[in-house]
Amino acid sequence: MERGGKISQSVIWVLLVFSIFDSVACVEDKCAACSAVAEELEVELLNEKPRNHLDMRHRLDSKGQREGKVIDYRVSELRVVELLDGLCEKMQDYTLKKVDSERQEWVKVDDWSSLKTDKQEARAHAKYISTYCGRLLEQTEDELAELIKKGAVGAGGVRKVLCQDLSKHCSSTSSSSNQGEDRLDGEL
């Protein structure tokens with residue numbers, strides 16, 4: 001009886017290990033996945049509307065004058081929150097598209113009903129990149145937020161900052177033409 005319990009426990013562990021590797025394998029090209037997240041953040045930056053300064057002068061002093069600061073929206077925490085909030089949910093609109101026999105890339109799906117591949121598999125990929133995005137932001141959020149507030153992250157430079165400098169998922173020698181081939185090891 002004891003031997004049967006050990007065998008079933010071993011089978012459960014093997015299945016658990018395979019299920020973990022299966023979900024990690026869906027985001028095996030971390031550079032391409034990071035680039036897709038960076039592309040979506042870049043769209044957010046490009047679509048950002050100009051905002052007024054934040055008036056934080058809500059208190060009155062003894063003379064009736066307003067106290068507090070006026071903060072430039074471009075360097076505010078509110079801007080960072082508005083840019084990053086919902087980013088990973090938007091990644092659920094992405095899935096893997098087969099480019100050739102050896103390469104796949106992340107693409108944004110505008111109409112899921114017109115998708116010609118297996119929709120269930122495509123939705124699973126969307127869930128994986130959304131989860132990847134959450135882990136990526138969790139690991140890089142503090143540094144990324146500071147760089148956004150300093151103005152060091154702008155349209156056209158998000159991929160370099162996020163994927164090369166912060167997460168190190170893309171090497172600095174990779175160009176946009178070979179970013180799908182650039183694979184780095186490391187858990188994320």
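Me: What is the relative accessible area of Val43, and how is Val43 classed?

Reply: This is a predicted model, in which local features need pLDDT of at least 70 and side-chain atom pairs count only at pLDDT 80 or more, while totals for chains, interfaces and linings use all residues. Residues are numbered from 1 along each chain as its sequence is written, and side-chain values use heavy atoms, with hydrogens and water left out. A residue is buried under 20% relative accessible area, exposed over 50% and partly exposed in between, with a 1.4 Å probe and protein chains only. Val43 is therefore partly exposed, since its relative accessible area is 32%.

Me: In which helix is Val43 found, and how many residues of that helix are buried?

Reply: Helices are DSSP runs of H or I with at least four residues, strands are runs of E with at least two, and both are numbered from the N terminus. Val43 lies in helix H2. This helix is largely enclosed by the rest of the structure, because its buried residues number 13 of 17.

Me: What pattern do the helices and strands follow along the sequence?

Reply: The secondary structure of the protein consists of six helices and six strands. Taken in sequence order, these elements give the pattern α-α-β-β-β-β-α-α-β-β-α-α.

Me: Which residues are in contact with Val37, leaving aside its neighbours within four places in sequence?

Reply: Contact means that heavy atoms lie within 4.5 Å. With those neighbours set aside, the contacts of Val37 are Leu87, Met91, Tyr132, Cys133, Leu136 and Leu162.

Me: Is Thr140 buried or exposed?

Reply: Thr140 belongs to helix H5 and, not counting residues up to four places away in sequence, touches Leu162, Leu166 and Ser167. Its relative accessible area is 3%, and so Thr140 is buried.

Me: Where is Lys168, and is Lys168 buried or exposed?

Reply: Lys168 is placed in the segment after H6, and its phi is near 60°, a positive value in a residue other than glycine. Because its relative accessibility is 52%, Lys168 counts as exposed.

Me: How far is the charged end of Arg123 from the centre of the ring of Trp112?

Reply: A charge sits over a ring if NZ of Lys or CZ of Arg is within 6 Å of the ring centre and within 35 degrees of the ring normal. The charged end of Arg123 sits over the ring of Trp112, and its distance from the ring centre is 4.0 Å.
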